[in-house]
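Subject: Handover of a structure and findings

Dear colleague,

Please find below the structure that I am handing over to you. My findings follow it.

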Amino acid sequence: MAELSPAAQAVREAAKEAWGRQDYPVHTVIAALRALANQVVPAIDLAPQEDLESRREAMIWGMKAQAQLTRQQILAIAAELEGGNG
C-alpha cells in the first residue's frame, strides 16, 4: 500500500476509531469527503488574477482561490484513500 499523507492518515485513523474496527467502510469515507467538498466548497471557474481592477476584486479573488485550494486538498485526501484503499 502506498504511503498516505498526514492528512489522509488522520482521516483513516478517525474513521477506524469511529467504526471501532480496522476494516472500516473506506468507500463510505471517500464518498463523504467528496460530498463535503461539493457542499462546502463547490467548484467554480476562477478568472485569471490579472483581470482584476480593484483591491476589493483582488481580495474576493484571493478568497475564492483559497476556497478552491481547500476543495482540492479535501478531494486529494479522498483520492489518496481510494488509491491506497485506506
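Is V11 buried, exposed or partly exposed? V11 is partly exposed, at a relative accessible area of 21%. Here buried means under 20% relative accessible area, exposed over 50%, and partly exposed in between, with a 1.4 Å probe and protein chains only.

Before the remaining findings, a note on their basis. This is a predicted model, in which local features need pLDDT of at least 70 and side-chain atom pairs count only at pLDDT 80 or more, while totals for chains, interfaces and linings use all residues. Residues are numbered from 1 along each chain as its sequence is written, and side-chain values use heavy atoms, with hydrogens and water left out.

Overall architecture

The chain holds three helices and zero strands, in the order α-α-α from the N terminus. Helices (H or I, at least four residues) and strands (E, at least two) are DSSP runs, numbered from the N terminus. The chain is more spread out than a compact globule, because its radius of gyration is 16 Å, well over the 12 Å that the globule rule gives for 86 residues. That radius is taken over C-alpha atoms, and the rule is 2.2 Å times the number of residues to the power 0.38. Along its principal axes, the C-alpha trace spans about 55 × 25 × 15 Å. Of the 86 residues, 23% count as buried.

Contact means heavy atoms within 4.5 Å. Among contacts between residues at least 6 apart in sequence, 68% join residues at least 24 apart.

Helix α2

Helix α2 covers residues 26-40; its 15 residues reach 21 Å from first C-alpha to last, close to the 21 Å expected at 1.5 Å a residue. The expected span is 1.5 Å times one less than the number of residues. Its buried residues are V26, V29, I30, L33 and A37. Seen down the axis of α2, these fall within an arc of 100°, so they line one face of the helix; the arc is that of the directions from the helix axis to the C-beta atoms. Exposed residues H27 and Q39 sit on the face turned away from the buried side. The cover over the buried residues of α2 includes α1 (6-19) and α3 (55-84).

Helix α3

Helix α3 has 30 residues and reaches 43 Å from its first C-alpha to its last, close to the 44 Å expected. Buried in α3 are Q68, R71, I74, I77, A78, L81 and G84, and the buried residues of this helix pack against α1 and α2. Q68 counts as buried at 14% relative accessibility. Leaving aside residues up to four places away in sequence, Q68 touches V41, P42, A43 and I44.

A nonpolar core is a set of buried Ala, Val, Leu, Ile, Met, Phe, Trp, Tyr and Cys residues joined through side-chain atoms within 4.5 Å. Of the 13 residues in the largest one, Y24, V29, L33 and L81 touch the most other members. Each of α1, α2 and α3 supplies at least two residues of this core, and α2 gives the most, with five.

To return to V11, this residue is found in helix α1. V11 touches V29, L33, I77 and L81, not counting residues up to four places away in sequence. V11 and I77 are 66 residues apart in sequence and 8.1 Å apart in space, C-alpha to C-alpha.

Yours sincerely
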